[in-house]
Amino acid sequence: MTTLAHQSEVSSPAPLPTRSLITKLNIVTGLIVGAIFCWGTYYAMRAGRDMTNEHNINKVLILSMFMWSLGFMIGIGALIGPFRWLIGKDLTPEEELYMSGQGQGMKRYFKYCTDHKVVGIQYLVAVMVLLGSGGTMAMMIRTNLATPGSHLVLPKIYNSLVGLHGITMIIAMIIVLTGPLGNFILPMMIGARGEAFPRLNATSFWLLFTAIPVLCSAWFLGGIPTGWSAYAPLSTQAGPGMNSFLVTIIIFAISTAIAGTNITTTVITMRAKGMHFNRVPIFVIGCTISVALAVPAFPTFMAAMVQTGMDRTISTGFYDANVGGSGWLYANLFWIMGHPEVYVILLPGVAALLEMVPVFTRKPLFSFPMAVAGMAGIAGMSALVWAHHMYMSGWMPALNGPFMVTTEFISFPTGLLFLVFVGTLWRSRPWLKFPMLCVYAMLWNLLVGGITGVYVSDVPLDGTLHGSMYVTAHFHYTIMGAALSGAVGAIAYWFPKLSGRMLNERASYISFWLVQIGLNVLFMGMFLVGAEGQPRRVASYAEQFAGGNFISTLGAYTVGIGMLVFLWAIIHSARKGDIAPANPWGAKTLEWTVPYPAPIENFSEDPIVTSDPYGFGKRVSK
Amino acid sequence: MAFDNSEDLEPTPGQRLRNFVQRKDVTQTIILGVVITALFTIFGLYAYPNWMPAVHSKEMHSARLIMTIFTVLSAPIGGFVLAITVRAFLNMHRGDTPPPDQEVSEKSNTPAILVWCFTTGAFVVAAIVIGLLVYNSDTNSAVADAPDAITVEVTGAQWVWSFYYPAQNIHTHTLELPTGQPVDFKVTSVDVNHSFWPVQLGIKVDANRLVTTTAEARPTILGHIDIRCAELCGLNHAFMETGGAVVTASDFDTWVKSIKATGGIEQ
C-alpha cells in the first residue's frame, strides 16, 4: 500500500500530573476498592435477611458481584472522567497524556490506559490466560472420558467442568483476535492514530477483567450444572454458582458492546485519506463485520441472563411453565445470540488468513469483492438461522423446514470464502512460513466443520445427531480447528509488530503439527462415537464407545502438548527472539510502516493511501 | 492466391482448454482432486453407514441415507478445494526470503467465479430439496392416518424415563414397540428439560417441564433400542438410560399381557 507518511521518533514524555489522583490508581487500587465494595455489599445485604432462603442468597451474591465490578472500575480510575463531567469539568491535557501511558514503561499495562496498543497487549494476556484455563478444563474432561465408567471426577464436578470449559472458551474465542489485534493492529492498518473512543476501549478491557474472578467464583459456589447454554429451568433451579455465570455474561455483554461499537466507529470514521472501502484490508473488514454482528447479538444473551437472574431472585417466572413462562423463551434468546456468535468467532480468523495469503503467495487476493460478499452474506444470514439448534426442542415444528432452508443456504456465502482462498492459492508457490501453514490447516478444518454442518442442519438427520458427540466434534472443528488456527496464524504473523521480535520457527512448527494432528485425532474420535449414538456432556458412557473416546483423549493430550509448546514459543520469543526487521513478510499494509516500538499516535504524519494492499504479482496479458 | 497465416491466429477455445489441461500443475491438481473425491465418496458410502446405529425404523433409514447422499454430493467440492490446497502445500517456496512475485496475477476471473457459484449453489439447493423431501415424507400422515398407530406417553424425571401406553393401560420403564405400526410419542417432563432419544429409531424430542411435545416413528426392523437423554439435565444426566426393543406384534401382545398380569406396572 503506497503511503506518503513520514515516520518520526517517539515524542518525549510529557510532565506527569503529579497532584492528580489518576497517577495513584492502578490494578491494585482497583482490586482493593472492588473487594471493599463486594464484601461491604455482601455483609450489608446479609444483615436482617434469612440466608437459608435461596432467593435471598441469590440476591446477595448477584449484587455483591456487580458491586465488585463497579468498585474495581472506580478503583482503577475508569470513572474519573465521568465524575468530572458531573461537576462540569474534564481531564486536563496532562492527565489525558498520562492516561495514554506515556513514559510509564511496564506500569501502563496495569493501569487504566487509553493507548490502543497497551489495550491490545492486555487483551492478548487475558486471552492466553482464558485459553489456558479453558484448555486445562478440557484436559480434565477428556481424562475422565478416557475410559467408560471413570470416576476420576464426580458427576457434579464434571458437569461444572463442561459448563465452565464452554463459557471460558467461548469468551476467549470471541476476543481472541478482535481483542489483541483489533486493538493493537487494526488502527494502524487503517492509518489511524488510535481508536475512536480511547476511554471506552480501556473500559471494555477492564470490564472483561472484572468478569474473570466472577466466573472463577462459580467453582467456590458449587459450580454450574447446566453447560454453557444454561438452559432454563435447570438454570433457575441451580445452586449459587449459577449467579456467577449470569453476572459474568452480563458484564461480558456490556464489555463486548462497548468494544464492538468502538472498533466499528473507528473503521468507519478514522480511515486514512484515500482508503476507500475497496482499499480497506480484508482483516479490517472481517473484524468490523464480526464486532458489528456482536453488537446486536449479545444484548439478547444479556436479556436472557437478566431474566434468569430475576427468576432466581424475585420469582418472576419468565421461564417457569408453572406460572405461564416458557423455557423456549430462554432457548430462543440464547440461540439468537448463539449462532451469530459462531461467526463472530470465525470471521476474524478467516479474514486474518485471507490477509496473509497474498503476502505469502505474492499474488493479489483473488476477487476481493467475493471475500467481502462472503463475510457480509454469512453475517446477514447468521441472524436467520438460530432455530436450527431447536429442531428437536418441540418448539414450533412447523418452522423446522424454513430454518433448514436458511441454515443450509449459509453454505453458499461460506463457499465464497473458499473460492477466494483457492483462487489465490491457484498456481501459486507459497512461502513456507508458520502463518501460511495455518492457512492450510484452517482450510481442512473448516471444510470438515462446514460439510458436517450441512448434515446437522438437516432436520431428519438431526434427529439422530442432535445432542450427540457428533455435534460437539462439528463445532469444535469450526471454532477450534478453523477459528483458532486462524487466530494462531494471525498472532504469529503480527508477532513481529506486537513484540519487535520474530517468533521461534522451530517451536512453532513443532506446535503446529502436534496441535493439528492431535486436533484431528481428537475430533474424528468424537465424530465416531457421536455417529454411533453417544450423547454429549456425559460423565460416563456405554462400553461400545470406549475405543473412540480413548482415541479422542490421546488426541486431546497431543493438542495440549502442542499448545504448551506454542505458549513457550510466544513467551520465549517475546523475551529472547531474533529482532524483527520492520517488514519481515514484505507486506503492503500500513501497519508495517510503523516502527517498533510504535509511537503513541502511530504516525507522525497522516498517511495517504494510493493503491490497494494486495498489489502483488506481475501483470500477465491474456 | 492462398497463404498460410495460422501462426498469427488466436487459439480456439478447444485448443485453449487442451493446453490448459495439459499443463503440469493443472494435471497434478486434477489427479489430486479425483483421488480426494474418491476417498470422500468411499468414506460416505461405506464408513459412515457402518458407524451409525442399527436401523430399526424408517426415520433411522432416512438419516443414514441423507448422511450418505450429502457426503457423496459434497465430495467433488471438497476434492477440488483440497486438491488446490495440497498442491500449493507440496509446491511451497522454502527459504528466508520471500518468493518473487508470481506471474499469475489475476485479481478476478469471472468464468471461474460463475462456475464456483453455480456448483456450490447447486449443492446447497440439492441439500435443501433432499432434506425437505425426506422431512416431508417422515412427517406426512405417519400417525394421523394410521388406524393401528400406538400412542406412548413418555415422561422424563431426574434421572429416569417412564412410559405409559394409554390404549393398553400399562406403565413401564422399558419401551417395547411392535414392528410395522406407527408410534406417536407424547413427551413431557416433571422437572427440568430432558431429551428423549431412542437411538435406533433415529428420532429425538425434548421433554419440557409441564409441556407435551410429540415425535413419531415407524419401527420397521426387529431389534434392541437404546434410550438415552440428549439434553444436559443435571447431576446424573449420563446415567439417564433405559432400553427397549422393536418386537413382533405377537411378542408385543405377550409383553403387554405379562405387565397387565402384574397390575399394569412393569416390575
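The contact takes 75 residues from chain A and 75 residues from chain B, two residues being in contact if their C-beta atoms, placed from the backbone, lie within 7 Å. This is a predicted model: local features need pLDDT of at least 70, side-chain atom pairs count only at pLDDT 80 or more, and totals for chains, interfaces and linings use all residues. Residues are numbered from 1 along each chain as its sequence is written, with chains lettered from A and ligands numbered from 1 in the order in which they are written.

Visitor: What makes β4 and β7 of chain B edge strands?

Guide: Strands pair if DSSP finds at least two bridges between them. β4 (175-178) and β7 (205-207) of chain B each pair on one side only, so by that definition they are the edges. The open sheet runs β4-β10-β9-β6-β7 (chain B), with mixed pairing.

Visitor: Why do β6 and β7 of chain B count as paired?

Guide: They share three bridges, in the antiparallel sense, and the definition asks for at least two, so they pair. Phe196(B) stands opposite Val205(B) in β7(B).

Visitor: What does the angle of about 140° between α5 and β4 of chain B refer to?

Guide: Axes are lines fitted to C-alpha atoms, for helices over the stretch in contact, and angles run from 0 to 180 degrees between N-to-C directions. Helix α5 (residues 249-260) lies across β4 and β10 of chain B.

How values were computed: Helix = DSSP H or I, 4+ residues; strand = E, 2+ residues; numbered from the N terminus.
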